[in-house]
Structure formats: C-alpha cells, structure tokens
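Please walk me through this protein model, one question at a time.

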Amino acid sequence: MKDIFNRAFWRKRVEGLPEMKYTIGKFDFEKCDPIHTAIIDELIPNKAKVLDKGCGYGRASGFFVNYTGIDFLNEFIDAAREKYPDEKFMLGDMRSLPFRANEFDWGVMISIKGIVEGNTNDWPRVLREAKRCCKKVLILEYNDPGYEIL
C-alpha cells in the first residue's frame with residue numbers, strides 16, 4: 001500500500017510539472033482526455049458550478065466554466081495556479097472539505113477512486129464528503145473508459 005495521504009508521496013511525483021504525465025496500463029492523458037471530455041460534455045452543463053477533488057496541477061480546469069480545484073499538496077496548487085492563472089485553486093484535504101452542503105452542482109474526481117480505494121480505507125470518507133458538498137459526483141479513472149455518477 002502507498003501512503004497517498006502523505007505529502008512526501010506526492011512530492012516525489014511533482015518533478016517535471018506542469019508537463020508531468022502519468023501512464024497507467026494502456027491509458028494515459030492523451031488517450032483519456034478525449035474520452036473524459038466527451039463524458040463531461042455530455043453530462044455536465046456548461047455553467048455548472050464544479051469542484052475538482054484531487055485536482056493535481058489543474059489539467060481538468062479547462063473543461064469547466066465555473067471551476068474550483070482542490071488538492072492537499074502546495075506544489076500541485078502552485079503549479080496549477082501558474083499554468084491556469086484564471087482558475088480557482090485551493091489547498092485542502094478531500095477527506096474534510098471546507099464547503100457547505102450542496103455548494104457545487106457537480107463534483108469531479110479523476111483518477112482518485114482507484115488510488116484511494118487501493119491504498120487506504122478512506123474511500124467511504126472521501127466519497128461522503130464529495131456527496132455532502134456536491135449535488136452530483138462524476139468519477140472518472142484513467143484505466144477505465146467508463147464512469148460513475150453518484
């Protein structure tokens with residue numbers, strides 16, 4: 001198991017930002033972006049208020065008009081703000097979010113479920129927080145071209 005809620009784990013992955021690419025199985029950003037874009041375009045209205053949980057360096061910010069990205073690593077948030085200066089990024093923990101109930105129309109988690117479920121017992125807590133502050137939650141993974149809506 002990886003200690004994914006330890007900032008040191010993610011700091012090792014920050015080198016090379018914002019050009020960082022993850023490769024997971026047969027899928028990577030270039031292959032998944034068109035799939036994810038099509039799903040997002042189909043499901044999430046253009047003006048929806050969206051929370052991106054575990055936003056990393058903000059690559060999903062371009063999908064949305066009313067966007068807030070949250071991540072718990074300063075280096076990710078700094079890289080996101082540098083690359084996408086017109087978007088809103090916040091430092092925070094997805095297990096305990098600083099938002100009101102139903103504050104967002106949609107929550108989006110890209111490549112979060114697999115890593116949280118596979119390495120911690122915190123997935124129920126992460127999911128509960130997403131459902132608390134978002135009216136709907138879209139879960140996308142890089143290693144699965146499908147999606148979940150909660």
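**Salt bridges, cores and confidence**

Author: Glu-148 has a relative accessible area of 29% and is therefore partly exposed (buried means under 20% relative accessible area, exposed over 50%, partly exposed in between, with a 1.4 Å probe and protein chains only). This is a predicted model, in which local features need pLDDT of at least 70 and side-chain atom pairs count only at pLDDT 80 or more, while totals for chains, interfaces and linings use all residues. Residues are numbered from 1 along each chain as its sequence is written, and side-chain values use heavy atoms, with hydrogens and water left out.

Reader: With which residue does Glu-148 form a salt bridge?

Author: A salt bridge is a side-chain nitrogen of Lys or Arg within 4 Å of a carboxyl oxygen of Asp or Glu. Here the closest N and O atoms are 2.6 Å apart. The partner sits in helix α4, 35 residues from Glu-148 in strand β8 (helices, H or I with at least four residues, and strands, E with at least two, are DSSP runs numbered from the N terminus). The partner of Glu-148 is Lys-113.

Reader: Is Lys-113 buried or exposed?

Author: The relative accessible area of Lys-113 is 17%. Because of that value, Lys-113 counts as buried.

Reader: Which residues are linked with Lys-49 in a network of salt bridges?

Author: Lys-49 is in strand β3 and Glu-103 in the loop between β5 and β6, 54 residues apart. Lys-49 is partly exposed at 24% relative accessibility, whereas Glu-103 is buried at 19%. The network links Lys-49 with Arg-100 and Glu-103.

Reader: How many residues does the largest nonpolar core have?

Author: A nonpolar core is a set of buried Ala, Val, Leu, Ile, Met, Phe, Trp, Tyr and Cys residues joined through side-chain atoms within 4.5 Å. Among the residues with the most contacts inside the largest one are Trp-10, Leu-51 and Val-126. Helix α5 gives the largest share, 5 residues.

Reader: Why do the buried residues of α5 line one face of the helix?

Author: The buried residues of α5 are Trp-123, Val-126, Leu-127, Glu-129, Ala-130 and Cys-133. An α-helix has 3.6 residues a turn, so residues three or four places apart point the same way. The arc is that of the directions from the helix axis to the C-beta atoms. Seen down the axis of α5, the buried residues line one face because they fall within an arc of 160°.

Reader: Which residues is Phe-64 in contact with, leaving aside its neighbours within four places in sequence?

Author: Phe-64 lies in the loop between β3 and β4, and its relative accessible area of 8% makes Phe-64 buried. Contact means heavy atoms within 4.5 Å. Apart from those neighbours, Phe-64 is in contact with Ile-40, Ile-44, Val-50 and Val-108.

Reader: Which element has the lowest mean pLDDT?

Author: pLDDT is the predictor's confidence in each residue, from 0 to 100. The mean for the protein is 85, and strand β3 has the highest mean among the elements, 97. Where pLDDT is low, the predicted coordinates should not be read in detail. The lowest mean, 40, belongs to strand β1.
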